[in-house]
Amino acid sequence: MERINKKAIIIGAGTYGEVYATYLKEEGFDIIGFVDDNPTTHNKEINGILVLGDSDTLNNEEIKSKITNIFCSIGNNRIRVKMLEKAIELGYSTPNFIHSSVQLTNDIQIGKGVYILPNSIIMPHTVLEDFVMISMGSKIAHHCILKKGSFISTGVNFGANIVLKEMSFVGIGATLMTGITTIGKNVTIGAGAVVIKNVPDNAVIVGNPGKIIKYNK
């Protein structure tokens, strides 16, 4: 894990933010606060951590002088990518968070702002591009590419040699069979779906075998 220093802010003060705060504190980070664009959260404490304000708080020169690391725990791919790119533009670091229980090897390529939660397994020769999020207990087979801003939910079984394109979401317990080559951009794969063939951009897939029920805008 990258650790330039231990002081950090988490973007997103929801329940996932609470979870990440716990994990990051266990890894020795000093969580200075949350920022969240929901005004009802401002100036409230969540498990002893203050919500400092909205995301524009990151522009504050006093904050910038004290904080190096920004994490974003928001599950919405587009918002997470937007927030982390904004943090980089402002000069912050966006470290990876890889839980100590994750199994991976040195030949995996990992970008920046990548989060992998407990008990996930990433096989060799896999590429995780910037801002990928992998939830707990997921298994990613060898020679896969997870493109920028994609999200793997809890307990996913992800077959070998598959490219998951930008901003796509794979729901809880879904299975993507080896033999598929491409899951398109901005795809949503529903919880428990079993995907047995390539998926075009923007498709929403549910069922076993997985079928397209509509397209995301």
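K7 has D30 as its bridge partner in strand β2. Strands here are DSSP runs of E with at least two residues, helices are runs of H or I with at least four, and both are numbered from the N terminus. The model is predicted: local features need pLDDT of at least 70, side-chain atom pairs count only at pLDDT 80 or more, and totals for chains, interfaces and linings use all residues. Residues are numbered from 1 along each chain as its sequence is written, and side-chain values use heavy atoms, leaving out hydrogens and water.

Strand β1 (residues 7-11) and β2 (residues 30-35) pair in the parallel sense over 5 bridges; pairing takes at least two DSSP bridges between two strands. From β1 the chain passes through α1 to β2 in a right-handed β-α-β crossover. Right-handed means that, with the strands pointing away from the viewer, the path from the first strand over the helix to the second runs clockwise.

β1 also pairs with strand β5 (residues 69-72), again parallel, over 4 bridges. There, I9 has I70 as its bridge partner. Of the 5 residues in β1, 4 are buried, that is, under 20% relative accessible area with a 1.4 Å probe, protein chains only.

Now the aromatic rings. The structure holds 7 aromatic pairs, meaning rings of Phe, Tyr or Trp (its six-membered ring) with centres within 6.5 Å. Y20 and F97 form an edge-to-face pair (planes over 60 degrees apart), because their planes stand at 65°, with ring centres 6.1 Å apart. This pair spans 77 residues, from Y20 in helix α1 (residues 15-26) to F97 in strand β6 (residues 97-98). Y20 is buried at 1% relative accessible area, and F97 is buried at 0%. Ring pairs join Y16, Y20, Y23, F29, F71, F97 and Y115 into a cluster.

Notes
Phe/Tyr/Trp six-rings, centres within 6.5 Å; stacked < 30°, edge-to-face > 60°. Buried < 20%, exposed > 50% of the residue type's maximum accessible area, 1.4 Å probe, protein only.
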